[in-house]
Amino acid sequence: MKTIIIIISLGLALFIFGACGKYLDVQSNNKLVVPKELDDLQKLLDNVRVMNNNFCSRGEKACDDYFIPENNYKVLNDVEKLDYIWEDSQYNFSNDWSSMYNVVYVANLVLERLSKIDRNEQNATKWDGIKGAALFFRANSYLSLLWTYSKAYQQNTAETDLGIVLRETSDFNVKSVRASVKDSYKKVIADLETSMSLLSMEPDHVVQPSKLAVYGSLARAHLSMRQYDMASKYADLYLQRRNGLLDYNSSNEVKLTAAFPFSLFNKETTFYMELKASVLTNVYSNIDSMLYRSYDSNDLRRQAYYKVLNNVINFKGQYSGSALLFGGVATDEMYLIRAECLTRAGKLAEAQADLNKLLATRYKAGTFKPYLLLAGEDLLQLILTERRKELVYRGLRWMDIKRLNLEGQEIILKRVVDGKEYKLVPNENRYALPLPTDVVRIAGISQNPR
């Protein structure tokens with residue numbers, strides 16, 4: 001297994017420095033083991049540190065759930081300072097882009113090696129599971145990259161808007177080219193739909209992909225494309241199979257006053273991912289006070305999510321059971337997706353039922369009053385507000401801001417540094433965050449316009 005990891009590490013390093021030809025020489029060294037058996041391929045996919053722990057976090061750094069106090073801002077490096085005010089920064093390896101394409105590389109390597117192993121009656125289930133998992137990991141990487149480095153999906157511009165690089169091979173000699181937003185999302189959906197037909201409904205462990213996880217990812221993908229009928233379909237398929245929620249009133253499920261109230265792999269978690277470590281959103285930052293004040297005094301999320309000390313508000317509500325930020329597929333998110341989509345479809349009673357079911361588990365017992373017969377626009381705004389309050393630091397807010405501004409929400413982001421105000425107005429080019437400088441230079445691909 002160590003030699004397999006060495007191959008991957010060497011491959012990534014060679015890609016970054018452009019030494020593509022040398023990779024072939026390394027691979028031909030007979031002292032290194034090339035993965036050939038199904039168990040070898042499964043172990044590559046089970047490398048959680050690589051495959052599960054690098055969901056893009058740059059969007060979280062760019063969004064509006066936090067601010068950095070002046071004293072903390074001064075100790076940031078130049079790249080972090082520019083990122084905070086949405087200005088161009090010259091940043092290089094390692095970063096979200098490289099981490100996600102490392103996952104893509106592993107997925108492609110597995111798919112290529114798998115194609116050389118005959119599928120038969122004895123190994124069919126394992127063979128299918130490996131292929132489905134590889135496709136799932138690749139699709140989720142692409143989706144995370146799209147949310148971060150591309151504009152929101154808009155039907156009339158998706159064919160010309162810059163998407164991401166769709167790597168379909170582990171061969172570093174194949175030139176990287178940015179696809180359109182339309183083709184990039186098309187590939188995400190295709191990979192996920194294929195994986196759905198191959199994976200089992202439930203995984204052996206939540207770090208492994210499953211059909212339920214695919215439902216969740218397809219719901220997310222279609223939501224980000226504003227294809228609300230399809231997002232509703234997949235959220236519904238998910239909730240038909242899994243609909244249990246954590247009861248915040250139960251100390252066995254949520255320890256409100258603990259440093260980290262939620263246990264790792266709790267019952268709402270269907271597929272476990274973490275955001276790539278982000279200094280800005282976890283160490284030097286404070287939660288936006290308006291967000292904190294938006295919670296009712298009987299809303300237990302206020303206790304579970306936040307620690308307040310000397311008027312400084314910090315987030316502690318990760319589903320990782322630690323300071324690491326959870327970015328995986330979870331049941332609470334599926335209720336909110338379905339509720340939003342049902343509202344947009346005019347199915348208000350069903351949407352309110354979903355929202356009420358979720359909130360009843362979040363409020364102090366006996367204090368929540370179910371919402372009844374709200375008008376469509378009022379219900380939609382309520383659901384979007386609850387979505388923001390429920391899914392803090394899940395790697396979703398940046399995508400939400402982009403898609404909702406296309407719906408006319410007019411969300412304007414502001415930062416204040418040294419008395420100067422910086423703004424990000426709806427639908428600016430800067431919502432497609434800049435690609436790493438070294439990738440643009442070495443691969444010769446287009447940088448995002450500013």
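The model described here is predicted. The crossing of the two is left-handed. Where H9 meets H10, the contact is made up of 11 nonpolar, 6 polar and 5 charged residues.

Helices H15 and H17 form another packed pair, with an angle of about 160° between them. H15 is therefore roughly antiparallel to H17. The crossing of H15 and H17 is left-handed. The table sets out both pairs.

| Helix pair | Residues | Angle | Distance between axes |
|---|---|---|---|
| H15 and H17 | 331–344 and 376–390 | about 160° | 9 Å |

On the H15 side, the residues in contact are Asp332, Glu333, Leu336, Ile337, Ala339, Glu340, Thr343 and Arg344. On the H17 side they are Gly376, Leu379, Leu380, Ile383, Leu384, Glu386, Arg387 and Glu390. Sorted by class, this contact of H15 with H17 has 7 nonpolar, 2 polar and 7 charged residues.

Leu145 is a residue of helix H9. Its relative accessibility is 0%, so Leu145 counts as buried. Beyond residues up to four places away in sequence, Leu145 touches Cys56, Asp96, Trp97, Met100, Tyr101, Ser150 and Ile164. Leu145 and Phe93 are 52 residues apart in sequence, and their C-alpha atoms are 15 Å apart in space.

Val439 belongs to helix H19, which spans residues 437–443. Val439 counts as buried because its relative accessibility is 9%, and the cut-off for buried is under 20%. Apart from neighbours within four places in sequence, Val439 is in contact with Trp97, Gly444 and Ile445. Val439 and Lys187 are separated by 252 residues in sequence and by 22 Å in space, C-alpha to C-alpha.

The last point is confidence. The average pLDDT of the chain is 92, and 91% of the residues score at least 70. Over residues 1–31, however, pLDDT stays under 50. For this stretch the model has 45 contacts beyond four places in sequence. Where pLDDT is low, the predicted coordinates should not be read in detail.

Key: Residues numbered from 1 in each chain as written. Predicted model: local features only at pLDDT ≥ 70, side-chain atom pairs only at ≥ 80, totals over all residues. Heavy atoms only, no water. pLDDT = per-residue confidence, 0-100. Contact = heavy atoms within 4.5 Å. Helix = DSSP H or I, 4+ residues; strand = E, 2+ residues; numbered from the N terminus. Buried < 20%, exposed > 50% of the residue type's maximum accessible area, 1.4 Å probe, protein only. Left-handed = near helix turned anticlockwise from the far one by under 90°. Nonpolar A, V, L, I, M, F, W, Y, C, P; charged D, E, K, R; others polar. Axes fitted to C-alpha atoms, helices over the stretch in contact; angles between N-to-C directions. Parallel < 35°, antiparallel > 145°, perpendicular 65-115°, else oblique.
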